[in-house]
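User: Hey, can you walk me through this one? I'd like to go residue by residue where it gets interesting.

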Amino acid sequence: MIRKFLRKVFSRKAPASESIAKLNIIPFKRHGIRRNLIAPCALKITTQIQQAGFSAYIVGGAVRDLLLGLTPKDFDIATNATPEEVRNIFRRSRIIGRRFRLVHVMCGAEPVEVSTFRGPSSNDDDDPASIQLTDPHGRLLHDNVFGNQEEDALRRDFTVNALFYDPAKEEILDYLNGYEDIKAKKLRIIGDPVQRYREDPVRLLRAVRLASKLDLQIAAETAKPIGDLAPLLQNVPPSRLFDEMLKLLLSGHALSCVVDLRARGLHHGLLPMLDVILEQPLGERFVTIALKNTDERIRENKPVSPAFLFAILLWHEVLSNWNSLQASGEKPLPALFTAIDQILSIQHKKLAIPRRFDAIIQEIWTMQPRFEARAGQKPFRLLTHPRFRAAYDFMLLRCESGELSMELGEWWKTFLSADHNQREKMLSSQPAAKKGKRRRKRKKSSPDPALAGENSIKNDHS
């Protein structure tokens, strides 16, 4: 027993922090970030944790974005207090997470995320609670080992996300030259790239998203393994893959991200069949135009519906199935509903699109044939549909991509801007739909029994 203990003590490797991390304290004079740039809630929570005797810092993307002159979306906090200690400080708070335990502190309507500094896992095989659990591919399944600030910096993904801002002193603590990387516009992963990507394959996507969003160049050693490790994405839980894909699509740089994903081979397993969609001439043009429009809306702070985006990305798979079913003899509308069910079923298995989006996606798709019916009262009825605007925008994208005629899109634009009388005139100028003639039964005084069955069949289908 003593021999085993001594072997562990003397064979234990030195922590990575001793050889890699070196603390640089960057004063306000260099970075220029005043505490009044921090969201009031985050500033208040950080101050309360410090007053309780713990250290607390604004971390991650918020510090990075402020240095880049951007407005942070969230202000996360890291501390040496455990989740239970943070929970005791704030009455309106709760501990969440299993793989990565942290605290949501309520301040107003939105929660502020407070995490405890993470550390490296113990090498003690006799202590199951401290063992870092991974799957056969190296992906972390358990990550609740606490440590100090230096160790926490080393556990983060990229150097630009490993900065700590102290609002009290207005200083930035930098262990990994993340500040210099931001100034050099470089995205560099922390530690061995292959190991870090294996621990969390979502970092493959995050590298592409952050580089596009922040206009950073991915460092050569960080970029090199991305293509080879792309298959690891198939091992990521669908819900996490969906969340990361949604962040990418709503980043305001979705088009450049998708182009980069394809160039690096990450489209396989990211969105099922995205590579097929992009390789179809009409499909690629359709997706390109749609993502460009989406990026413009986000940059102008206009709302974008995630359901609308996924309706766009999956449409040409639906269209392909729809055309195949019609070619095999199915009627148009039943064929469309069947195609929709088939594609959504595939996507739910591979990419966890929330069920709440299904209804919107299906309505956008099923309304498309109705835009081509421009006679009678059908256009007026279509205008009253609660999902009309989304379906209309979708139809215009189809026209712009060449899938539908531009004349159809122009007609609807004119129709929407016209008054009631003008709309009536536009509809009256449209050719009326041909109605099938009803066949009248002939009464015969002495019908031939052999023909009676034949006539009844014809009348049933008339």
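**Chat notes**

Analyst: Starting with arginine 209: this residue is buried, with a relative accessible area of 10%. Buried means under 20% relative accessible area, exposed over 50%, and partly exposed in between, using a 1.4 Å probe and protein chains only. This is a predicted model, where local features need pLDDT of at least 70, side-chain atom pairs count only at pLDDT 80 or more, and totals for chains, interfaces and linings use all residues. Residues are numbered from 1 along each chain as its sequence is written, and side-chain values use heavy atoms, with hydrogens and water left out.

User: Where is arginine 209 placed, and what is it in contact with, leaving aside neighbours within four places in sequence?

Analyst: Arginine 209 is in helix H10, residues 202-214. Helices (H or I, at least four residues) and strands (E, at least two) are DSSP runs, numbered from the N terminus. Beyond four places in sequence, arginine 209 is in contact with Glu244, Lys247, Leu248, Ser251 and Cys257. Contact means heavy atoms within 4.5 Å.

User: Cysteine 257, buried or exposed?

Analyst: Buried: cysteine 257 has 0% relative accessibility.

User: Ok, new topic. How many disulfides does the count come to?

Analyst: One disulfide, taking a disulfide as a pair of cysteine sulfur atoms within 2.5 Å. Cysteine 41 is joined to cysteine 107, S to S 2.1 Å. The pair links distant parts of the chain, 66 residues apart: cysteine 41 sits in helix H4 (residues 40-51) and cysteine 107 in strand E5 (residues 102-107).

User: What's the handedness of the link between cysteine 41 and cysteine 107?

Analyst: Left-handed, with -75° about the S-S bond. Cysteine 41 is partly exposed at 24% relative accessible area, whereas cysteine 107 counts as buried at 17%.

User: What does the side chain of aspartate 166 reach, then?

Analyst: The backbone nitrogen of alanine 168, at 3.0 Å. Aspartate 166 lies in strand E7, residues 163-166. Leaving aside neighbours within four places in sequence, aspartate 166 is in contact with Gln50, Tyr57 and Glu171.

User: And how many helices and strands are there in the protein?

Analyst: There are 24 helices and 10 strands. Of the 462 residues, 45% count as buried.

Conventions: A polar contact is a pair of N or O atoms within 3.5 Å; within protein, one must be able to donate a hydrogen and the other to accept it, and residues adjacent in sequence count only if both atoms are side-chain atoms.
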